[in-house]
Amino acid sequence: MAYKVLIPQDVAQPGKDYLRERGYEIKMGSGITAEAIAADVVDCDAILARTALFPAKVFEAGKKLKVISRHGVGYDNIDVAKATELGIWVTFAPESNANTVAEHAIGCILTLARNFIQLDQETRAGNFPIRDKLFGSDLAGKVLGIVGLGKIGRRVALKASRGLDMKVVGYDPFLTPEQMAEFATPAASMEEVFSAADFLTLHIPGGASNKGVVGKKLFALMKKTAFFINASRGDVVAESDLIEALRNGTIAGAAIDVYEKEPPLKDNPLMGMRNVLLTPHNASQTRECMIRMALHAAQGIDEILSGKRPTWPVNAPKQGR
């Protein structure tokens with residue numbers, strides 16, 4: 001009998017084709033609540049996971065479950081500890097979206113620097129003379145601060161420095177200054193980066209260790225002319241502090257792709273701010289990237305179920321199922 005793979009949220013066709021071509025049976029989920037996934041997983045050997053939550057009850061219900069493979073980079077929506085305890089492998093796709101998200105960050109920097117959103121709105125409204133009233137800024141020579149110089153942050157640094165002639169200052173507690181030197185001028189702390197930046201972009205993981213790590217104290221260090229960009233995880237920023245900094249003119253503006261609560265409520269103050277660029281957590285959602293994420297997640301499933309060592313493991317159960 002073929003192994004069965006549960007897909008609670010649909011993925012790009014090449015990912016499904018990859019599994020079917022290798023003999024796996026695909027089961028599309030009936031819903032994305034924990035209860036629905038727990039009911040669906042009972043007869044499944046693997047889960048190809050996107051953004052739904054996968055708490056302990058899902059793994060406890062999946063008596064046959066051997067692997068859950070995350071379609072993307074973050075895995076804070078998966079109870080990795082429970083999966084490990086039960087002998088279930090967790091894999092992810094860290095190589096799939098790095099360049100795509102880096103391009104998104106660069107797009108945000110350009111949009112904020114040149115007031116593209118406001119100028120589009122004013123031009124459509126017939127206010128052509130806005131050209132002599134609302135001025136943007138050059139990026140050459142400006143300081144880009146990057147917190148997190150992993151796969152995404154490094155690409156942002158290279159694109160900004162080599163493509164836009166920006167000066168890059170970076171902070172990453174997991175890298176030595178020598179390791180960072182290729183991509184950015186190393187900073188000793190987040191505070192140093194926030195103080196120096198004309199544009200500040202975050203590329204750090206979410207989860208308990210980073211929850212609310214960016215808040216009032218760091219925003220207070222920024223230049224009043226500086227812009228803040230977050231396309232990492234919503235929980236790393238104290239959103240109320242960001243809103244206060246934008247309202248009070250502590251910072252000039254922001255580009256936000258991720259939120260404390262998703263989707264954000266209609267009465268979220270960010271919705272009404274003209275100095276904020278908002279996108280719906282889609283920094284990685286290009287056609288090409290969605291295919292890579294689906295394929296890399298499918299690859300993780302195939303590697304585990306065919307007895308191979310996974311290319312991108314999150315955990316390593318002492319004894320797999």
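How many bridges join strand β9 to β10, and do they run parallel or antiparallel? I looked it up: four bridges join β9 (residues 199-202) to β10, and the two run parallel.

Ground rules before I go on. The model is predicted, so local features need pLDDT of at least 70 and side-chain atom pairs count only at pLDDT 80 or more, while totals for chains, interfaces and linings use all residues. Residues are numbered from 1 along each chain as its sequence is written, and side-chain values use heavy atoms, with hydrogens and water left out.

My terms come next. Helices (H or I, at least four residues) and strands (E, at least two) are DSSP runs, numbered from the N terminus. Two strands pair if DSSP finds at least two bridges between them. Buried means under 20% relative accessible area, exposed over 50%, and partly exposed in between (1.4 Å probe, protein chains only).

**Entry: the sheet**

I traced the strand order. Seven strands form an open sheet, in the order β8-β7-β6-β9-β10-β11-β12, with parallel pairing. β8 (185-186) and β12 stand at the edges with a single partner strand each, so one side of each has no neighbour in the sheet.

Then I checked pairs. Strand β6 (residues 143-147) pairs with strand β7 (residues 167-171) in the parallel sense over five bridges. There, Val143 stands opposite Lys167 of β7. β6 also pairs with β9, parallel again, over four bridges. Here I found Leu144 opposite Phe199 in β9.

Phe199 also stands opposite Phe227 in β10. Leu200 has Phe228 of β10 as its bridge partner. To get from β9 to β10, the chain crosses through helix α10 (residues 216-221), and this β-α-β crossover is right-handed. I noted the test: with the strands pointing away from the viewer, the path from the first strand over the helix to the second runs clockwise.

On to the next pair. β10 and strand β11 (residues 253-256) pair in the parallel sense over four bridges. Phe227 has Gly253 as its bridge partner in β11. The chain crosses from β10 to β11 through helix α11 (residues 239-247), and this β-α-β crossover is right-handed.

**Entry: which way the side chains point**

I looked at β9 first. Phe199 and Thr201 point one way, Leu200 and Leu202 the other, and all are buried. Then came β10 (residues 227-230). Phe227 and Ile229 point one way, Phe228 and Asn230 the other, and all are buried.

**Entry: helix α11**

Which residues of α11 are buried? I listed Glu239, Asp241, Leu242, Ile243, Ala245 and Leu246. Their cover includes α10, β10, β11 and β12. Just after α11, Gly249 takes a positive phi of about 75°.

**Entry: the second largest pocket**

α5 (98-113), α6 (116-124) and β12 (276-278) each supply at least two of the lining residues. The largest share, three residues, comes from α5.

Most residues other than glycine have a negative phi, and most peptide bonds are trans. I went looking for exceptions.

Asn115 has a positive phi of about 55° although it is not a glycine. I found Asn115 in the loop between α5 and α6. Asn115 counts as buried because its relative accessibility is 9%.

His281 has a positive phi of about 50°, and it is not a glycine either. His281 sits in the loop between β12 and α12. Is His281 buried or partly exposed? At 29% relative accessibility, His281 counts as partly exposed.

The peptide bond from Glu262 to Pro263 is cis, with omega near -5°. Pro263 is in the loop between β11 and β12.

**Entry: His296**

Last stop: His296 lies in helix α12 (residues 287-305). His296 counts as buried because its relative accessibility is 16%. Leaving aside neighbours within four places in sequence, His296 is in contact with Ser69, Ala93, Glu95, Ser96 and Trp312. Contact means heavy atoms within 4.5 Å.
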